[in-house]
Amino acid sequence: MNKHSFKLVGVALVAASLAFAGCGSRADTGSSSGGTTGKVATIGVISPLSGDLSALGLGIRNSVDLAIRQANESNAIPGWTLKLSAQDDQATPDVGKNAATKLSSDDTVVGVVGTLNSSVAQTVIPVLASATIVQVSPANTNPTLTQGEDLANPKRPYANYFRTCTTDSVQGPFAAQYLLESGIKNVATIHDKKAYGQGLVEAFTTAFKAGGGTITDAETINPEDKDFSAVVSKVKTTSPEAVYYGGEYPQAGPLSKQMKGAGLNVPLMGGDGIYDPNFIKLGGTDGDLATSVGAPVDSLDSAKAFVSAYSAAGFSEPYAAYGAYAYDAANAIINALKVSLKDATDAKSARQATIDAMASVSFDGATGKVAFDEFGDSTSRVLTVYKVTGGEWKPEKTGELK
Amino acid sequence: MDLVNLFFQQLINGLSLGSLYALIAVGYTVVYGIVQLINFAHGEIFMIGAFGAYATWMVLGQPSDWSAPLSILVLLPVMIIGGIVASVAVALLTERWAYRPLRNAPRLAPLITAIGVSVFLQEFVRLFYGYIPGFPDAKSAIAFPSVPGISGATIQVGGVLIQMSAVFTLAALVVCWVFLWYYVNRTKTGRAMIATSQDPDTARLMGINVDKVIMAAFAVGAGLAAIAGVAHGLRYGNIDFKMGFLAGLKAFTAAVLGGIGNINGAVVGGLVLGVVESLAATYLGASAWKDVWAFVLLILVLVFRPQGLLGAKVVDRA
Amino acid sequence: MRVVIPNELKIRYRYPARALGIAGAVLMVVSILLPWAYAPTALDDMTYYGAPSPLQLFFAILPVLVILLLAIPLVGKARLGKAAKIVAWNTSAKTASIMSLIVAAVAVTAIAIDLGGLINVELGGWLALLGGVIAVAATPFLPDSPEPTLYRVKSPKWLQILGIVILMALLLFGAAYILGFEDADDFLMFAAFVVGVVMVLRQFGVFGWLGIAAAANNRVLVLSAFVVAFAFPFTQNGSDANMSVASQVLIFAATALGLNIVVGLVGLLDLGYIAFLGAGAFTAAILSESAFSTIKWSPPFIVTVLIAGTVSSLLGLLIGAPTLRVSGDYLAIVTLAFGEIFRITMNNLDGNDGPNLTNGSNGIPGIPDLNLFGFDFGKAHVILGIDIGRFANYYWLMLVVIALIIVVFTNLNHSRIGRGWVAIREDELAAEAMGVNTFTLKLLAFAGGAFLAGVAGSVKAHYDVSVTPDQYVFLESAFLLAAVVLGGMGTVMGVLIGATILKLLPEKLRFFADYRLLLFGLLMVVMMRFRPEGIVPDERRQLEFHDADEELAEEVEEDLTSHHAHLNPEVGGFVL
């Protein structure tokens, strides 16, 4: 009886493993066409390719793939072929570290695009730093990653780390600037206590107060919350003219809906985390606002080129929120490689030179001008305010943060 | 809005939230009362009810322009029935395939199975819901269809704004409570349930089909959970595959609070928990702690009144 | 479901069946001399004539076993002597055929998927499949062998020790080899092969013998296991990629062992165990020299470990004292709620909604590497000419921690306390009636388990570099529980195997990462339904799950008397 059941389990396990083999579509083999002659340098990607956030992660992988294909086609680095190695971090620090270790023990890896989550970055950066591999994140917004723990006295912790997205310290003040200019002086803030949301609200609050505005109420929610009625009721008693929300669209949409349901008919404003069509599907209503980095896509030639190249490349997933940043991140690395690989004999020895070359990278990317300051942050300060109009995000105002 | 209005507003919020918990908690209590199993996957049955109702709406051709009376009298009941069918079917399948073979196994086995079922159901919906032609991907939240006349509609009572979805939830609870009372006390299956919960062996000797009674208990709990799933969708405007986890945990807390195994207790426990949570979010520090208060309440109940507020028939099965 | 072939048929056709089985196996062996695949990219290049790839060679071992198992009995019972009876020739030949067919099927499937279609499978591949099908069809016509009695054979001590050493060596090289696979297909094929060999040996009776040998030479077994585990980093040639996975497996295993005391020995279902690991990790992070830590006091690590363990066990007492008095079912949910409270609290202690202790969801990054007695864990050391990197350092440290946990575990298991725990698990009321102080013992287990988790957490904090609340969520608790359930509740070996499988498989089979949780949920249900005692069952435990099985009861009873009488006569007396 017992032996029999053991056999059953064994057969079931093997049958299951056969079934896995049957459904395998292997994500790791990023294809990059172009010449197969010459030396090979690999650009890694670390992002969530499976799980909740895989839509964002796959968009990042595909956009980097696109940049690499274009570089190989145009023979951007003579004598070298670029390859992609995409690793899944499942949005968890542990898995991310394994991915980073795997990449750093591959001698052809010269740069890594990733990660999506700041918490994963915290374990990935040290691994890549010890192997002197340049890392460019398209999505980490936590300021401490580039400026160290004491933001008043910034000190760069890792020389190999750069990012193409802007940090919370740029978007928050830009939103404050916009609201003040629109004559709104009383705003309540809510954030989801995550690094992104909290940082956004802190930066917003400082700038808004400095501009003469009043924060009527500061509240927090939990990232998994669905029921915001208590928070909304509290905020409502302070009668704000707008609510500034730090967080992402899965909460922001329902929050906006519940605000209006409870009779708090004021716009909800947020950062690029809510600038997503799903925000409107989940309850975002006309009048709600969001800031996002760069000028609107259809006003920028480089951005239009990216969008059309992406759709022409035939990826099965959309480029999602961070695709353009990832594309720029990959191109930043490629631009640095043009300098560092020129006289290099092998990829590994060019790693330090690549990091050094990053400082002077400057080009027009899909999100606007791409260049890095002394901390490795993007120097881009052009932002756009978008407004929900007729059930769609429409650009409201593009400007530069003063 | 003055402070008195704020208090009453939060009380109403708490009562409607509590009705939601109560509807789910009944499922825990009924099943526990009869088979002494904490059906950990009950939260997922609630989630499946919501997705079932959504599927029904899709099958109906996503009607969004029906008039309010037509929506409330036809669309909503049909969606609820769709949700109930889905929930009850899944609940009965899990009972048949996962729990029944373990009925005489050590206590740990069905609990571990229940966790497995819970994770499996969540993942199943996440991975495969989008494969139904025309259906949205369930990997992130899906916007629940709005029912004209309920979604977004409010009524004003004094300074307090009451959402129609809250009225719906409260009304659903009252109707279900009356139904349950009738079902348990006046029908043959209901009385067989009471008999089985008191002494399964004697019940069997008296000619009661215990398997049927257990299935009935799972089905009743699942049906109520499905109604809660629809109420949840109307209240928050969106549903997702993870929604059953926290809601299930809270509902279990409510069941223990009222006295697990006691149906009236589940209802009272749910309402008390909802109100406590709502008021604590307003008056006890930041609202980020509200879930903590709910669980602290659970632990306090276990220390000082393990039989729950209304007292349970079955307290210990050590 | 199972086709039963009448005995007359088996007797009538036993010689043709044997011949046909051998023919099928020979076909399979020959097939490796032919190419299996059209292009070299599938598996490890199976396109050559007469030059088999390593995986093909491994595969061939199984049919060779089939041939041996079928051919050797032909020499006649008289010449085989005792060997004719004490091992199961026919049954293991049957298993070997089935497993070789499965491995061949895995290979063919992988080739077809990799190269896009069955057209890419070459003659060799088809031949292997055909041979497999023939062997699988023929072997059931052989008469069933009686249960192997190899384990009853008295063998000299040196032979037993040799057996253990060979087993351990195979384990080491197998582990090193299996970790080396980059490609999921290669990994799957090799894994299928390993499972096949293990199942054949088990049928043959070798494992029964090894079990006795291991029981008789317990010290040698444990010692050699640790020597092998210790030697593992040297097989990696300085590569970090696998050491990173290996050290994570050990951290996971150490935590699962702690949970095993609570779940496996005492039978308390703790669904918030990860919170104790998290409490240890946060304590260690806060007391570390990280620039982000909120308390500027950094004691030596030894002190930190003790504080972390104490903090965790205090939390265990806090949560256990009220709930352990009521029914065990409540404990499951209360611990689950506690896990949530822990996560929310760690999120809220950010200076915003509470005092700043944990930096909220940002957590505490930048935790420096450990430095014990001048040994810097962050640096690579060259030992015996091989680079021993950062991960290997932590790997060894975790090995020491695990050794300590195992010592505590086994000593407790065979002590008065351990017997009390098992008594509680089996029947709490009876235990109480017999004078066991159930509440205190349960509380002790709960707090003790929490202490161990705290210790593991304090190492994990330094190993992970950063500690954030989202690393310590319910799913991780569920994974720990799954490791315990899968391996076998209440056993050390089982939990180690369970932890390894659960951590290693997702790492090597990344293409099914999206289905990981689905399969894991299914696994828990299936295990509870068909093999609740796990892969490596605890003898007493097995009885609990199969109390209707008289035969098993006698078997276990017999085992327990001989086994325990040998180890510790006192214990044997207690059990019976």
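Predicted model: local features only at pLDDT ≥ 70, side-chain atom pairs only at ≥ 80, totals over all residues.
Residues are numbered from 1 along each chain as its sequence is written, with chains lettered from A and ligands numbered from 1 in the order in which they are written.

**Helix α11 of chain C**
- Helices here are DSSP runs (H or I, at least four residues), numbered from the N terminus.
- Leu221(C), Ala225(C) and Ala229(C) are the buried ones (20 or more other C-beta atoms within 10 Å of their own, C-beta atoms being placed from the backbone).
- They sit on the same side of α11(C), because they cover an arc of only 60° around the axis (taken from the directions from the helix axis to the C-beta atoms).

**Domains of chain C**
- An automatic or database domain assignment gives domain 1 (7–229) and domain 2 (254–517) of chain C.
- Their C-alpha centres are 39 Å apart.
- Five residues of domain 1 of chain C are in contact (C-beta atoms, placed from the backbone, within 7 Å) with six residues of domain 2 of chain C.
- On the domain 1 side of that contact, α9 (184–204) and α11 of chain C each supply at least two residues.

**Domains of chain A**
- Chain A has domain 1 (39–165 + 322–371) and domain 2 (168–293 + 383–400).
- Between their C-alpha centres lie 31 Å.
- Six residues from each of these domains of chain A take part in the contact.

Key:
Buried ≥ 20, exposed ≤ 12 C-beta atoms within 10 Å, placed from the backbone. Contact = placed C-beta atoms within 7 Å.
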